[in-house]
Amino acid sequence: MTTLLKVLYGFNPLKSFLTPKPDFLEITCRSKHRILPKPKKRFPPWLIKSTRSTRYEDELTSENKTFLKQLVQEKYPRPESGYGSYSPLNLNIVESAVEWSPSYQRAGLIARKIGVYPMWMKDGRKVLTTLFQVADNHVIKYQPPETYKPMITKRKTSLPPSKGSLIIGADSADPQLFTKEYCGLFEESGVMPKRLLARFHVSPEAALQPGTPLLASHFKVGQYVDIRGKTINRGFQGVMKRWGFHGMPASHGVTKTHRRPGNIGSGGKKARVMPGTKMPGHMGNRYRVLKAQRIVRINTKYNVLWVLGSASPGECNSCVQIFDTVLPLKNCNYLKQTPYFPTYYPGRDEELPEELMVDDLHNFNDPTIMFTEDEE
């Protein structure tokens, strides 16, 4: 009887319908093909949140406010406009005795973009330059390669890290504006809390003592640098402004397609928009690096850099990061220049004049017309 039931069950026509079958749906993942990733809205592990979520009004009298300002000025004096605020912990700066090598990587600077200014070369050619002012830079902290832990990326390697991390701060501010945890970052350097912090990968030989001031003379005239900043946020724009499309014809029966992109080439079996297609979308508000820009002029009194070109990322009054270029045909080794290593020390290195210019840049202080007496 059992054998008969097994045979009948094998010929059951409803068996295939009653057996559950899993359904698989293939969904294309396009996130890893994203061309313009959105900026991260979280703090990096080395940066503590500076401001509080809510501000409390301290009901202080005018006398108490004046007393607090005087106390801050006495603790963190500002002797010169070029140096900003000195570090009371490091009056005697420890200088590095290592000579520069092309394989070493120096730290960069945090500068504020002032604007675009025209200059003239000695051959009469007019050029546009961008002005950057080094905004009270100091070394805050150094992390050696043994303790430095960079951000986790997809690229994995078994080699130990060979570069350290140097945190640079700029634009000193009142300590009452920040949290207690954020102010604790500046105890080692002994400087006022900074509004801006930036991290640079440096070689262990180029490490600087916390509290060391960084000036515009960190670079030399004629040197090529890379500029990193956030582009201007222009919002949602079409393809003509975002990608430079010419648009459709403006006459001969064209109806409502003057500024449209046209065919995007997604027909056939694909029938979808390919990743990376130039289409309307959000424009700007992305970090970009402008490489190999030449420094043509330096003002050592006000810490101002004149960089050739007018296409640096960011708008006026925005802060950017300036560091040595990574292009092999524009670095100091190829140009046979020896930079100040690890930085410029006013007491040790040569005394610099107020204005430094490249040889092919016209100096307006020089006479343009020369008169000579004819010998009879």
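**Exercise 1. How many bridges join strand S3 to S6, and in which sense do the two strands run?**

Solution. The model is a predicted one, and the exercise begins with strand S3, which covers residues 137–143. Two bridges join S3 to S6, and the strands run antiparallel. To place this pairing residue by residue, look at Asn 137, which stands opposite Leu 214 in S6. Widening the view, S3 and S6 belong to an open sheet of four strands, whose order is S5-S4-S3-S6 and whose pairing is antiparallel. The edge strands of this sheet are S5 (194–202) and S6 (213–214), each of which pairs on one side only.

**Exercise 2. Find the pairing partners of strand S7 and state whether the strand is mostly covered.**

Solution. Start with the extent of S7, which spans residues 224–230 and is mostly covered, since five of its seven residues are buried. Next, follow its pairing with strand S10 (residues 287–299), which is antiparallel and extends over six bridges. Within that pairing, Val 289 in S10 is the bridge partner of Arg 228. Then turn to strand S12 (residues 319–324), which runs antiparallel to S7 and is joined to it by four bridges. Here Val 225 has Asp 324 in S12 as its bridge partner. Finally, return to Arg 228, whose charged end sits over the ring of Tyr 287 at 4.4 Å from the ring centre.

**Exercise 3. Why does the pair of Tyr 340 and Tyr 344 count as edge-to-face?**

Solution. Searching the whole structure gives five aromatic pairs. One of them joins Tyr 182 and Phe 186, which are edge-to-face with 5.4 Å from centre to centre and 65 degrees between the planes. For Tyr 340 and Tyr 344, the ring centres are 5.1 Å apart and the planes stand at 70 degrees, so this pair is edge-to-face; the cut-off needed for this step is an angle over 60 degrees. Both Tyr 340 and Tyr 344 are buried, and both Tyr 182 and Phe 186 are buried too. Ring pairs also link Phe 178, Tyr 182 and Phe 186 into a cluster.

**Exercise 4. Is Ser 203 buried or exposed, and which residues is it in contact with?**

Solution. Begin by locating Ser 203, which lies in the loop between S5 and S6. Its relative accessible area is 3%, and therefore Ser 203 is buried, the cut-off being under 20%. Setting aside neighbours within four places in sequence, Ser 203 is in contact with Ser 103, Tyr 104, Gln 105 and Lys 163. In the case of Gln 105, its backbone nitrogen lies 2.8 Å from a polar atom of the Ser 203 side chain.

How values were computed:
Residues are numbered from 1 along each chain as its sequence is written. This is a predicted model: local features need pLDDT of at least 70, side-chain atom pairs count only at pLDDT 80 or more; totals for chains, interfaces and linings use all residues. Side-chain values use heavy atoms; hydrogens and water are left out. Rings of Phe, Tyr and Trp (its six-membered ring) pair if their centres lie within 6.5 Å; planes under 30 degrees apart count as stacked, over 60 as edge-to-face and the rest as tilted. Buried means under 20% relative accessible area, exposed over 50%, partly exposed in between (1.4 Å probe, protein chains only). A charge sits over a ring if NZ of Lys or CZ of Arg is within 6 Å of the ring centre and within 35 degrees of the ring normal. Two strands pair if DSSP finds at least two bridges between them. A polar contact is a pair of N or O atoms within 3.5 Å; within protein, one must be able to donate a hydrogen and the other to accept it, and residues adjacent in sequence count only if both atoms are side-chain atoms. Contact means heavy atoms within 4.5 Å.
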